[in-house]
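Here's a quick briefing to read alongside the model. Keep the sequence and the 3D view open while you go through it.

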Amino acid sequence: MKKAKRYILLSIAFFAVFVLAGCQNRLDDTYQDVEQTKTIRWGIRADTRLFGLTNIKTGKIEGFEVDLANALTKQILGKNGKAEFLTTTANTRIPLLKNHNIDAVLATMTITPEREKQVSFSKPYFPAGSSLLVPDDSKIKNVRQLNGKTVLAVKGTTAVDDVHKFAPKARVLQYDDYGQAMSALKAKQGVALTTDNGLLAGIAQENPGYKMVGGVYVNAPYGIAVNKGQTRMVKHINKALDELKKNGTYDRLINKWFKGIPGLNVKEMEK
């Protein structure tokens, strides 16, 4: 009798492991999941003007990346495809992806070798690069002038390392978000705010009296991130990006959000 019970328990345990393994396999195939649910859960920003920012009147997040996510969803899943959004920050986007809270990150995420150890990237979708934002009366003209000075940045971004490549003696103060970093710049806690040019253009648009200087000192294009090894999902995202560029949707969105913004060249973005 005891042997019989033992065999039954072992059988149940084996079955449980088999079922759990099957569930894990489904979780580990992102494209299969989105195809079955007809839904893609996107991680986006809600604090970056032009890319993803909460409209205080409507409560909705609006921006280039939100529109692009919606267009990609329809291109990948068809007209009945649904895009769901979860807000992320520079520090939370990879953990949310790893924990299967989201299927893909479309949130001003620079493609870097270090990040490629944790996630898989699509081809670039935005030609970003590190730049500087300073007060209109600043004497700072380029990144090399930051040696010995205090620079402001946001945690989890590539800007800190980028600055030190050209100004190794610069002191960098890091903040949780761009609102805090910009407040610090206004309070003269640093001589410049550094991050990607697209983000700085949006911040400058919102804050008269500040300008971008020095051009792009490090090219750092954005890519869409999915869990490491999700080759099928990356393949379908890349194909959808190509189609959106061919049918004119991509250029339309670029012009909608970036045309006429000082410091950004729409013609260069369309290439």
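In what order do the three strands of the open sheet come? The order is E2-E3-E4, and the pairing is antiparallel. Bear in mind that this is a predicted model. The protein chain has 10 helices and 13 strands in all, and the points below pick out a few of them.

**The chain as a whole**

- Of the 271 residues in the protein chain, 47% are buried.
- Take the contacts between residues at least 6 apart in sequence: 67% of them join residues at least 24 apart.
- The chain exposes about 14100 Å², and carbon and sulfur atoms supply 54% of that area.

**The open sheet, E2-E3-E4**

- The three strands of this sheet are antiparallel in their pairing. Strand E2 (47-48) and strand E4 (61-62) are at its edges with a single partner strand each, so one side of each has no neighbour in the sheet.
- E2 pairs with strand E3 (residues 52-54) over two bridges, in the antiparallel sense.
- If you want a spot to look at, threonine 48 sits opposite glycine 52 in E3.

- Which way do the side chains go? Thr150, Leu152 and Val154 point one way from E9, while Val151 and Ala153 point the other way, and all are buried.
- E9 runs parallel to strand E10 (residues 171-175), and five bridges pair them. In that pairing, valine 151 stands opposite valine 172.
- To get from E9 to E10, the chain passes through helix H5 (residues 159-166), making a right-handed β-α-β crossover.
- E9 is also joined to strand E11 (residues 192-196), again parallel, by two bridges. Here valine 151 has alanine 192 as its bridge partner.

- Threonine 158 lies in the loop between E9 and H5.
- Is threonine 158 buried or exposed? Its relative accessibility is 15%, and the cut-off for buried is under 20%, so threonine 158 counts as buried.
- Beyond its neighbours within four places in sequence, threonine 158 is in contact with Thr110, Thr112 and Arg115.

**Helix H8, with one side in and one side out**

- H8 spans residues 231-246, which is 16 residues. From first C-alpha to last it reaches 23 Å, close to the 22 Å expected at 1.5 Å a residue.
- The buried residues of H8 are Met233, Val234, Ile237, Asn238, Ala240, Leu241 and Leu244. They take up an arc of only 160° around the axis, which puts them on the same side of H8.
- Some background on that spacing: an α-helix has 3.6 residues a turn, so residues three or four places apart point the same way.
- Thr231, Lys235, Lys239 and Lys246 are exposed on the other side of H8.
- What covers the buried residues of H8? Among the helices there are H2 (30-37), H3 (64-77) and H9 (249-258). The strands include E1 (39-44), E7 (119-121) and E13 (225-227).
- After H8 comes glycine 248, which has a positive phi, near 90°.

Conventions
Residues are numbered from 1 along each chain as its sequence is written. This is a predicted model: local features need pLDDT of at least 70, side-chain atom pairs count only at pLDDT 80 or more; totals for chains, interfaces and linings use all residues. Side-chain values use heavy atoms; hydrogens and water are left out. Helices (H or I, at least four residues) and strands (E, at least two) are DSSP runs, numbered from the N terminus. Buried means under 20% relative accessible area, exposed over 50%, partly exposed in between (1.4 Å probe, protein chains only). Contact means heavy atoms within 4.5 Å. Accessible areas come from the Shrake-Rupley method with a 1.4 Å probe; for residues, only the protein chains shown count as cover. Two strands pair if DSSP finds at least two bridges between them. A crossover is right-handed if, with the strands pointing away from the viewer, the path from the first strand over the helix to the second runs clockwise. The expected span of a helix is 1.5 Å times one less than its number of residues. The arc is that of the directions from the helix axis to the C-beta atoms.
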